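Here's a walk through a protein structure for someone meeting it for the first time. Have the model open beside you and follow along.

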Amino acid sequence: MNLLIVDDSRLARKELIDLLSDIPNTNVIAEAVDVNTAVAAINTHKPDLVLLDIHLPDGNGFDVLENSNHTPQVIFTTAYEQHALRAFEFNALDYLLKPVTLERLEAAIARSQQKHETITDTTAVILTPKSRTDQIFVRDGEHCHFIRLSDLRLINVEGNYLRLFFLNTKTMLARSLSYVEERLDPKIFFRANRQQIVNMDYVAAIEPWLNEGLLIKMLDGTEVEVSRRQAKDLKQRLEI
């Protein structure tokens, strides 16, 4: 299992590396000291797991997760108790208070390895770009869904997972938005911003929005903001 350590303290990073040396099947592939270097490392190395501090010089650990294209598993390592609730909203595997002990880290890593194997075996079969009539298989816990892409209207990033909205149902998927985007037909699906992909068949209206962006209004009333950069692509696509 490939790991990234994110902490602005050199001593804290060394302590984690020393602990990991006693845990089998762990490989530290990179280190980062702030939000910018962490996001770059995640997108470049695509680690299986990130050991992530909360307080960083240019932001916090949540900024790292919100701005990364790749979606790794996460174990927070921090000296602050008060962020635990928000950490688990990002589907963190664990929240370890410093000083981190070998016993706690080993237990958290074991859960990560088990989950990684499960995701690898059972997540979603999305291998090549799909058309409207194609279906994807998604396993969400004990529930399994065959989703026809013509029924998939919206994909939202929620922490380390995606929420897929289809028919009158929604389900979770342990993949990154970029991974799914690469496997969807760009004639049908549009990446509106860092957090959302919309099915253009379900768009009711498109209106000008703030900072030269656009606002997509879906048939079900959902509103999706299109970033300025993406708005240029959408205007070219629609020739508006």
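How many aromatic pairs does the count come to? The count comes to 2 aromatic pairs, and keep in mind that this is a predicted model. A pair of aromatic rings is described by the distance of the centres and the angle of the planes. Start with Phe62 and Phe76: their ring centres sit 5.3 Å apart and their planes meet at 45°, so this pair is tilted. Phe62 belongs to helix H3 and Phe76 to strand E6, 14 residues apart, so the pair links distant parts of the chain. Both Phe62 and Phe76 are buried.

Now hop from Phe76 to Tyr95. Here the ring centres are 6.3 Å apart with the planes at 40°, so this pair counts as tilted too. Phe76 is in strand E6 and Tyr95 is in strand E7 (residues 94-97), so the pair ties together parts that are 19 residues apart in sequence. Tyr95 is buried, as is Phe76. Put together, Phe62, Phe76 and Tyr95 make up one aromatic cluster.

Phe76 also leads us to the largest nonpolar core, which has 22 residues. Phe76 is among those with the most contacts inside this core, along with Leu4, Val6, Leu52 and Val64. Who supplies it? Strands E1 (2-6), E2 (27-32), E3 (49-52) and E6 (73-78), plus helices H2 (35-45) and H3 (61-67), each bring at least two residues. H2 gives the most, with 5 residues.

Setting aside neighbours within four places in sequence, Val6 is in contact with Ala32, Asp34, Ala38, Val50, Leu51, Leu52, Asp53 and Leu56.

Next, find helix H1, residues 10-20, where Ala12, Arg13, Leu16, Leu19 and Leu20 are buried. If you look down the axis of H1, those buried residues fall within an arc of 125°, so they line one face of the helix.

Asn160 sits in the loop between strand E10 (152-158) and strand E11 (161-166). Is Asn160 buried or exposed? With a relative accessibility of 8%, Asn160 counts as buried, because the cut-off for buried is under 20%. Not counting residues up to four places away in sequence, Asn160 touches Leu65, Thr71, Pro72, Val74, Phe90, Asn91 and Arg175.

Arg175 turns up again at another ring. It lies over the face of Tyr179, at 4.2 Å from the ring centre. Arg183 also lies over the face of Tyr179, at 3.7 Å from the ring centre.

Finally, zoom out. The protein has 7 helices and 17 strands, and its C-alpha atoms fill a box of roughly 55 × 40 × 30 Å along the principal axes. For 240 residues, a compact globule would have a radius of gyration near 18 Å, and the protein's 19 Å agrees with that. Of those 240 residues, 46% count as buried. As for contacts between residues at least 6 apart in sequence, 50% join residues at least 24 apart.

How values were computed
Residues are numbered from 1 along each chain as its sequence is written. This is a predicted model: local features need pLDDT of at least 70, side-chain atom pairs count only at pLDDT 80 or more; totals for chains, interfaces and linings use all residues. Side-chain values use heavy atoms; hydrogens and water are left out. A nonpolar core is a set of buried Ala, Val, Leu, Ile, Met, Phe, Trp, Tyr and Cys residues joined through side-chain atoms within 4.5 Å. Buried means under 20% relative accessible area, exposed over 50%, partly exposed in between (1.4 Å probe, protein chains only). Helices (H or I, at least four residues) and strands (E, at least two) are DSSP runs, numbered from the N terminus. Contact means heavy atoms within 4.5 Å. The arc is that of the directions from the helix axis to the C-beta atoms. Rings of Phe, Tyr and Trp (its six-membered ring) pair if their centres lie within 6.5 Å; planes under 30 degrees apart count as stacked, over 60 as edge-to-face and the rest as tilted. A charge sits over a ring if NZ of Lys or CZ of Arg is within 6 Å of the ring centre and within 35 degrees of the ring normal. The radius of gyration is taken over C-alpha atoms; the globule rule is 2.2 Å times the number of residues to the power 0.38.
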